[in-house]
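Please look over the sequence and the structure shown here before reading on. The paragraphs below are meant to be read with the model open beside them.

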Amino acid sequence: MEKIILTGDRPTGKLHLGHYVGSLRRRVELQDSGLYDRIFIMIADAQALTDNADDPDKVRRNVVEVALDYLACGLDPTRSTLFIQSQVPELCELAFYYMNLVTVQRLQRNPTVKAEIQLRGFAEGAVEGDTQQRPGIPVGFFTYPISQAADITAFKATTVPVGEDQEPMLEQTREIVHKFNSVYGEVLVEPEILLPDNAACLRLPGTDGKAKMSKSLGNCIYLSDPADEVRRKVMGMYTDPDHLRVEDPGKVEGNTVFTYLDAFCRPEHFGRHLPDYASLDELKAHYRRGGLGDVKVKRFLIAVLDETLEPVRRRRAEWEQRIEEVYAILDAGSAAARERAAATLGEVRRAMRIDYFADRSLIESQAADYRNARREAPKR
Ligand code: TRP
C-alpha cells in the first residue's frame, strides 16, 4: 500500500518551538527519509476560521507566515505538497457526508474540543447578546473534528504526524473510516498518528513553565524570533524556584530550561558549547547535587537553540524576499492536492450511490422499468 503523510497547522500566527518539536522537525525528517510516496502539508485556513470568523484578515495574513515557517524548517516543495485547505473544496463536501456518520453526543465527548471551548470562552449555555462571554459555540467549530477527518481521508493518508492534542481527532477519524467502510464498502484508509517520541516534545511548556506553549498565553519562542529575542526569553525563563544560590541542590523535573534541553539538546552540542560535561545526564546530575548555576545552564540552552534556529532564520530570510514565489508554490500545491482529493471524492460518491450521471446502469434500468410498465399496463 502507498505510504501517504498528511498534516497541517492553523494559520492564526507564526509557528513556535512547540510546533517545531511537536511535529515540524519530524515532518522534515520524514520527507528526507524518502520512505513516503506522497507528503501533503496543509495550511488549515478553513479550520482557523471556525473560531476566527470575525477576523478573516488575521487568517489571510498568516497563511504566508506559516508557509515561510515551513520552508524555513526545510520542507521542500519539490518533495512535499504544500497547500491551502480552502482551495480544495472537495474537503467540505466530504465533511458534509461524514456528518451523517457522527453523533452530536460523540462530538461532545472530544476532550480537545472541550478544552478549546473553555480556552476560547465560548459559553455552553450562553444566549444571544450575552456580553460576558462569546455567545455560544459556533457549529463549524464544534464539528471541526469531522472536517479534520475529511482532510486526512481525502488524501488516503496512512500517517499523520501531529502533537498529542490531536489524538482525539485521529480517533474520531478512524471511527468515521470504519463506519463509512462498513456501510458503503471499503473506500477509505485508516490513518495512524505519529507522535513525538519524547515527553518534552509531546508537550513543550511555555517560557513561563506553566502550560503548553501557546500564542494566547504569551509564553512562546517563535521560529522567526531573532537571536537576541530568543536570548532574552531564555534568560527570563522559569527554573526551580527553590534553587536560590548556586550551591543549593536543584530540581530538574518541571524545570523549564531542562525540559527544553530534553527537547533540543543532542550529545554533540556538549563538545561544541559545554565541553566540561559529556551528556545531559551529567549536567542534570550536577544541577541536582548543587553547585551549578541557572545562568550557566541557560547560556548552554541559548547556544543549542541558536545552533538549531540559525539555519531556519537564514532560510526564512531568503524566502521572505521571494513572497510571489511562495504564493506560486501554494497555488501549485493546492492544485495537486485538489486532484488527489477529487479522485477520492469520485470513489466516495460512487460508494454512496450519488454518482447519478456516471452510472449508466441506473439511468438505463429506470428508463426500462418505466417503458415496460407502460407496455404492460392495460390500455385505458
Ligand atoms: N487541528 C490541527 C491543529 O490545530 C490542524 C489540522 C487541520 C490538521 N486539519 C488537519 C492536522 C489534518 C493534521 C491533519 O494544529
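This is a predicted model: local features need pLDDT of at least 70, side-chain atom pairs count only at pLDDT 80 or more; totals for chains, interfaces and linings use all residues.

What follows goes through the ligand site, then a pair of helices, and then one arginine.

The ligand is surrounded by 13 residues, and the closest of them are Met 42, Gln 47, Gln 148, Asp 151 and Gln 166. The side chain of Gln 47 places an N or O atom 2.7 Å from a nitrogen atom of the ligand, while a polar side-chain atom of Asp 151 lies 2.8 Å from a ligand nitrogen. For Gln 166, an N or O atom of the side chain is 3.0 Å from a nitrogen atom of the ligand.

Turning to the helices, the axes of helix 3 (residues 56–73) and helix 16 (residues 323–351) come within 10 Å and cross at roughly 90°, which means that helix 3 is roughly perpendicular to helix 16. On the helix 3 side, Val 63, Val 64, Ala 67, Leu 68 and Leu 71 take part in the contact, and they meet Ile 323, Val 326, Tyr 327 and Leu 330 of helix 16. Sorted by class, this contact has nine nonpolar residues, with no polar and no charged ones.

Arg 315 and Gly 74 are 241 residues apart in sequence, yet their C-alpha atoms are 8.1 Å apart in space. Arg 315 counts as partly exposed because its relative accessibility is 28%, a value between the 20% and 50% cut-offs.

Technical notes:
Residues are numbered from 1 along each chain as its sequence is written. Side-chain values use heavy atoms; hydrogens and water are left out. Buried means under 20% relative accessible area, exposed over 50%, partly exposed in between (1.4 Å probe, protein chains only). Axes are lines fitted to C-alpha atoms, for helices over the stretch in contact, and angles run from 0 to 180 degrees between N-to-C directions. Helices (H or I, at least four residues) and strands (E, at least two) are DSSP runs, numbered from the N terminus. Angles under 35 degrees count as roughly parallel, over 145 as roughly antiparallel, 65 to 115 as roughly perpendicular and the rest as oblique. Contact means heavy atoms within 4.5 Å. Ala, Val, Leu, Ile, Met, Phe, Trp, Tyr, Cys and Pro count as nonpolar, Asp, Glu, Lys and Arg as charged, and the others, Gly among them, as polar. A residue is near a molecule or strand if one of its heavy atoms lies within 4 Å of it. A polar contact is a pair of N or O atoms within 3.5 Å; within protein, one must be able to donate a hydrogen and the other to accept it, and residues adjacent in sequence count only if both atoms are side-chain atoms.
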